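Student: I have the sequence and the model open side by side. Could you walk me through what can be read from them?

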Amino acid sequence: MQPILTLSGVTKTYASGHQALKSVDLSINKGEIFALLGPNGAGKTTMIGIVCGLVVPSSGTITFDGHDVARDFREARRRIGLVPQELSTDMFEKVISTVRFSRGLFGRRRDDALVEQVLKDLSLWDKRDAKIMELSGGMKRRVLIAKALAHEPDLLFLDEPTAGVDVELRRDMWKLVHRLREAGTTIILTTHYIEEAEEMADRVGVINRGELLLVEEKTALMKKLGKREMDISLVEPMSVVPPELAEWDLTLADEGHKLRYVFDAQAERTGIPSLLRKVSELGIQFKDLDTSKSSLEDIFVDLVHRPEQAA
Amino acid sequence: MNLPGVWAIYRFEMTRFGRTFWGSIVTPVITTALYFIVFGGAIGSRIQEVDGVPYGAFIVPGLVMLSLLTQSLMNASFGIYMPRFAGTIYEVLSAPVAATELILGYVGAAATKSMLIGAIILGTSAFFVDLKIEHPVMMVAFLILTSVAFSLFGFIVGLWAKGFEQLSLVPSLIVTPLTFLGGAFYSIDMLPAPWRTVSLFNPVVYLVSGFRWSFFGRGDVDVAVSLGATLGFLVICTGIVAWMLKTGYRLKA
Ligand SMILES: Nc1ncnc2c1ncn2[C@@H]1O[C@H](COP(=O)(O)OP(=O)(O)OP(=O)(O)O)[C@@H](O)[C@H]1O
Ligand SMILES: [Mg+2]
């Protein structure tokens with residue numbers, strides 16, 4: 001695979017003295033969807049800001065398709081689009097004029113047909129003459145996406161595209177991302193949610209406290225991280241796990257009120273049906289079943305504490 | 001050169017002015033009319049002539065300058081401060097727009113608007129007094145140079161300001177007093193000796209004087225000195241803006 005974007009040794013220490021990025025090396029392939037996964041304050045927005053020219057890196061170099069983004073900024077920037085995390089819009093502008101503005105700003109000639117298409121793709125065509133301040137939050141986010149697409153970028157950054165967005169729009173967003181990928185656009189998005197990375201990305205990078213902990217193919221990562229827990233709430237609490245259930249490696253939780261089973265959600269056989277069969281054979285009564293994914297926090301704890309596996 | 005980019009910014013700014021067009025026009029026209037009534041009418045009946053020029057006509061260049069300076073400053077400082085404040089500056093920063101193009105767009109638009117207002121005030125004045133312009137080319141040159149220089153100055157203020165207070169501080173605390181004390185409504189020759197010397201440290205004196213020379217062929221200081229001072233101010237502001245944009249001062253973290 002050919003990289004379209006390469007970051008090498010990129011660090012950032014803000015004027016406040018806070019080190020937001022600690023030497024990031026990352027290579028993004030042409031045409032892929034890359035998800036940057038990390039908790040609040042991990043450095044996702046900082047990293048995007050550095051590539052897009054909003055934040056000055058403390059050290060390191062970034063190349064976009066062979067161009068140094070600092071030295072050759074014109075060539076790089078005219079092909080990169082950014083949808084920011086914050087809903088920053090020109091309140092008094094009309095939807096259509098703000099999208100035209102973006103196209104011009106990025107050095108492109110006016111193209112009404114293209115702007116119409118972009119607005120239609122984002123279901124904004126009916127709102128084209130509305131002032132931005134008259135739109136709902138979800139619509140404003142779509143306006144920001146339309147602005148970023150107006151100059152037909154080859155690389156698109158989506159900084160938390162689904163934050164504060166309802167289920168329907170979230171699904172639309174996922175569709176849009178896949179459509180863009182089909183058209184050949186490389187996409188880098190950030191998210192707090194594993195599900196979202198799972199749904200959209202080809203590769204996932206996990207970042208925490210300014211460090212890129214790992215970068216992997218999504219499928220491989222999901223194997224590694226896709227652990228689920230099943231809690232069986234018991235009618236009668238237990239003091240030890242019955243030896244007949246040893247095969248499943250269960251633990252007791254909630255002072256013996258719950259049997260906890262950890263399984264691999266991606267595996268062919270989860271072992272759940274046989275476990276449940278065995279439980280009823282043994283006459284153990286339960287009132288509830290609950291499965292949950294391991295949270296992002298668990299994963300970070302996992303990654304940080306087992307660095308040899310993360311590498 | 002990213003001409004569509006410059007045009008996009010310029011148009012955006014001109015549209016913003018367009019939204020407040022009538023407000024922007026009515027205010028200077030009314031203010032000018034009031035100045036003529038108060039200064040031209042009330043005071044002008046006592047001061048007949050200054051340097052052989054009827055007092056009503058004498059204050060016209062100063063009046064135009066006063067509006068030109070404040071308008072340039074306010075338009076340009078708002079133009080860049082607002083996107084910083086609203087966060088929309090992210091787009092301009094991420095676009096393939098070089099510092100010169102950024103300046104052309106924002107400062108160009110601010111200067112255009114203040115020149116328009118300058119012309120409107122000049123037009124309004126013609127209703128009140130007989131105006132003859134001895135050096136029309138130089139008059140236009142001063143109009144353009146001053147608008148551009150003070151729009152650059154406003155751009156600096158808009159980049160520097162951390163809040164709306166600071167934004168309004170510079171025009172009200174520095175520019176307006178300097179203009180009033182800069183011979184907009186009198187000749188500094190009319191001042192007693194020490195004040196005349198003090199006035200020579202006021203940069204606005206040179207602007208008003210040069211502008212007045214282009215109308216009446218006479219000014220407080222030599223026209224070459226005025227022109228030099230105006231150009232000097234322009235160069236200094238350009239340098240500061242260039243440095244600010246190069247380092248990303250208050251634009252980039
Ligand atoms: N302009 C700034 N000055 C000082 N510190 C900053 C600045 N911007 C961000 N930071 C700090 O840098 C760290 C990384 O911030 P960043 O916005 O990159 O995180 P993030 O991963 O995008 O988080 P979130 O998921 O909350 O958006 C945080 O600790 C933040 O407080
Ligand atoms: Mg962020």
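**Around one alanine**

Tutor: Leaving aside residues up to four places away in sequence, B:Ala110 touches B:Phe17, B:Ser72, B:Asn75, B:Ala76 and B:Ser151, where a contact means heavy atoms within 4.5 Å. This is a predicted model, in which local features need pLDDT of at least 70, side-chain atom pairs count only at pLDDT 80 or more, and totals for chains, interfaces and linings use all residues. Residues are numbered from 1 along each chain as its sequence is written, chains are lettered from A and ligands numbered from 1 in the order in which they are written, and side-chain values use heavy atoms, with hydrogens and water left out.

Student: Where is B:Ala110, and is it buried or exposed?

Tutor: B:Ala110 sits in helix α6 (residues 99–128) of chain B, and it counts as buried because its relative accessible area is 0%. Buried means under 20% relative accessible area, exposed over 50%, and partly exposed in between, with a 1.4 Å probe and protein chains only. The C-alpha atoms of B:Ala110 and B:Gly123, which are 13 residues apart along the chain, are separated by 20 Å.

Student: What is the order of elements in chain B?

Tutor: Chain B has 11 helices and 2 strands, and from the N terminus on they run α-α-β-β-α-α-α-α-α-α-α-α-α. Helices (H or I, at least four residues) and strands (E, at least two) are DSSP runs, numbered from the N terminus.

Student: Switching to the metal, which protein atoms are donors to the magnesium ion?

Tutor: The protein donors of the magnesium ion (ligand 2) are A:Thr45 (OG1) and A:Gln85 (OE1), which lie 1.9 to 2.1 Å from it. The pair links distant parts of the chain, 40 residues apart, with A:Thr45 in helix α1 (residues 44–52) of chain A and A:Gln85 in the loop between β6 (80–83) and α3 (95–105) of chain A. Donors are N, O and S atoms within 2.8 Å of the metal (3.2 Å for Na, K and Ca), and water is not among the atoms, so sites may look incomplete.

Student: How accessible are A:Thr45 and A:Gln85?

Tutor: A:Thr45 is partly exposed, with a relative accessible area of 37%, and A:Gln85 also counts as partly exposed, at 27% relative accessibility.

Student: One last thing: what is phi for A:Glu160 and A:Glu255?

Tutor: Phi of A:Glu160 is near 50 degrees, a positive value in a residue other than glycine, and phi of A:Glu255 is likewise near 50 degrees. A:Glu160 lies in the loop between β7 (155–159) and α6 (167–182) of chain A and counts as buried at 8% relative accessibility. A:Glu255 is found in the loop between β12 (251–253) and β13 (258–264) of chain A, and is exposed, with a relative accessible area of 75%.
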